[in-house]
Amino acid sequence: MARILHVIGGGLAGCEAAWQLAERGIEVYLYEMRPQKSTPAHKTDKLAELVCSNSFRSNSLENGAGLLKEEMRKLNSIIIQCAEKTKVPAGSALAVDRYKFAETVTQRIADHPNIKIHRKEVTEIPSDHYCIIATGPLTSDKLSQHLKGLTGSNYLYFYDAAAPIVTRDSIDFNKVFWGNRYDKNGDDYLNCPMTEAQYKKFYQELINAEVHEKKPFEEKAFFEGCMPIEALAYRGENTLLFGPMKPVGLVDPKTGKQPYAVVQLRKDNQEATLFNMVGFQTSLKWGEQERIFRMIPGLEEAEFVRYGFIHRNTFINSPRIMEPTLQMKNNPGLFFAGQITGVEGYIESASNGLVAGINAARVLRGESPLIFPKETMIGALIHYITTANPDTFQPMKANFGIIPNEEFLKIKDKRKRKRAISQKALHVLSEFIQKHKINDKKDIK
Ligand SMILES: Cc1cc2nc3c(=O)[nH]c(=O)nc-3n(C[C@H](O)[C@H](O)[C@H](O)COP(=O)(O)OP(=O)(O)OC[C@H]3O[C@@H](n4cnc5c(N)ncnc54)[C@H](O)[C@@H]3O)c2cc1C
């Protein structure tokens, strides 16, 4: 095969992947369907257009997004370089002028001698070339159909209804109890018990809470089995008591009785550092989620690493079909990158475009692809999406709950603990970069 690599999708992940490849001397054909065909959310013909917020989130090393960006800086991320160049004042966050940002990325990519941009919709993956698929949450319908055939129809999702996730550290274990319905010795669920008065107060706040406005293309999601918790609540005061908050089969060991209502939390990762609020997919605004869900006994101090949401999102079942090198399990010439892999967010998407680019370049040169260490945020995200439970797989953002943290639990101050995890992550990444000569002249042509 020639040293040409096809990158499909000129978003954040596709541009980052193309740049990493091109810098390593690989010829890249980058396919972007806009402006010939647009998505329901994009408005311009620019590469790397930000479809919503203009923020790349915090720069602080006490924040998962801050650590991820610092790691990307170490790996010469084009997306972070362009963001720094076009940043606008935003306190400790990195926010950009969205038009200048997309313009700058487009220019840098177009000017690179190893990248050729093709403005066309790709409807089938070419079988005679190595390829990175980075077509994002709004992958065109024709390509989605083709991917369905490639991955198996059960392994490609079109809508995404996710419940909030909280850190184990932030749960008040004096108020909650372990137990599965009809099995008090079970330890699959942590139950937050509510009295009748607590439930009624919670219910009132829930039905009066502010929700995100739906985009027209998201309407369908509501009617296809991803019922938000507030929509269930609108049906009547008792609906939740027969649905996700039903207390039957559970006995609170403190009272010896069945609670009036429960909220169940389920382990969200193998390390049990994150807990998912079962059945609590929601369109409530993020501030409202914090305010109302912190009324739940045991969650008063909850730290939300992901808020609940419902939106159109095309993503593959990565735990079933992808290697931690971002190659498809049964087709090592095919890489996936960006939000389509089940990461969530601008920088998360760009970060795994970066890994796909580095690994695809290595494979084309006959070297082994790399598995990034799970002590780093880049590696932890990929570890999460490739090892999560495939039956309940949902997208994930950068956060400290996905990095192994046992050795840091003795640090009681949470901010200091996060800083220590970040310092270790950056140290591990530096060693990894050195060991595999990732930034060496020999690697970057
Ligand atoms: C409505 C909406 C709002 C969001 N808001 C935020 C937010 O505020 N903050 C945040 O961090 N994340 C947000 N996200 C998530 C965000 O989109 C992604 O995290 C990020 O843009 C994904 O990067 P990506 O490169 O994977 O995909 P994208 O940036 O979407 O890039 C994919 C590219 O592929 C192109 N494409 C699609 N199909 C084809 C095809 N068949 N052939 C050729 N090209 C194709 C598209 O035109 C697009 O340019 C939002 C997502 C959506 C859908």
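For helices, the axes referred to here are lines fitted to C-alpha atoms over the stretch in contact, and angles run from 0 to 180 degrees between N-to-C directions. The structure is a predicted model.

The domain assignment gives domain 1, made up of residues 4-161 and 312-435, and domain 2, which covers residues 165-307. Taken over C-alpha atoms, the centres of domain 1 and domain 2 are separated by 31 Å.

The ligand comes next. It is surrounded by 34 residues, and the closest of them are Gly9, Gly11, Cys52, Gly136 and Gly338. By class, this shell holds 15 nonpolar, 16 polar and three charged residues. Helices α1 (12-23) and α10 each supply at least two residues of the shell. Helix α1 gives the most, with three residues.

Helix α10 also takes part in a helix pair. Two packed helices are described by the angle between their axes and the distance between the axes. The axes of α10 (residues 346-364) and α11 (residues 377-387) come within 10 Å and cross at roughly 95°. Angles of 65 to 115 degrees count as roughly perpendicular, and α10 and α11 are therefore roughly perpendicular to each other. On the α10 side, the contact involves Glu348, Ser351, Asn352 and Val355, which meet Ile378, Leu381 and Ile382 in α11. The residues of this contact divide into four nonpolar, two polar and one charged.

Note on methods
Residues are numbered from 1 along each chain as its sequence is written. This is a predicted model: local features need pLDDT of at least 70, side-chain atom pairs count only at pLDDT 80 or more; totals for chains, interfaces and linings use all residues. Helices (H or I, at least four residues) and strands (E, at least two) are DSSP runs, numbered from the N terminus. Angles under 35 degrees count as roughly parallel, over 145 as roughly antiparallel, 65 to 115 as roughly perpendicular and the rest as oblique. Two residues are in contact if their C-beta atoms, placed from the backbone, lie within 7 Å. Ala, Val, Leu, Ile, Met, Phe, Trp, Tyr, Cys and Pro count as nonpolar, Asp, Glu, Lys and Arg as charged, and the others, Gly among them, as polar. A residue is near a molecule or strand if its C-beta atom, placed from the backbone, lies within 6 Å of it. Domain bounds come from an automatic or database domain assignment.
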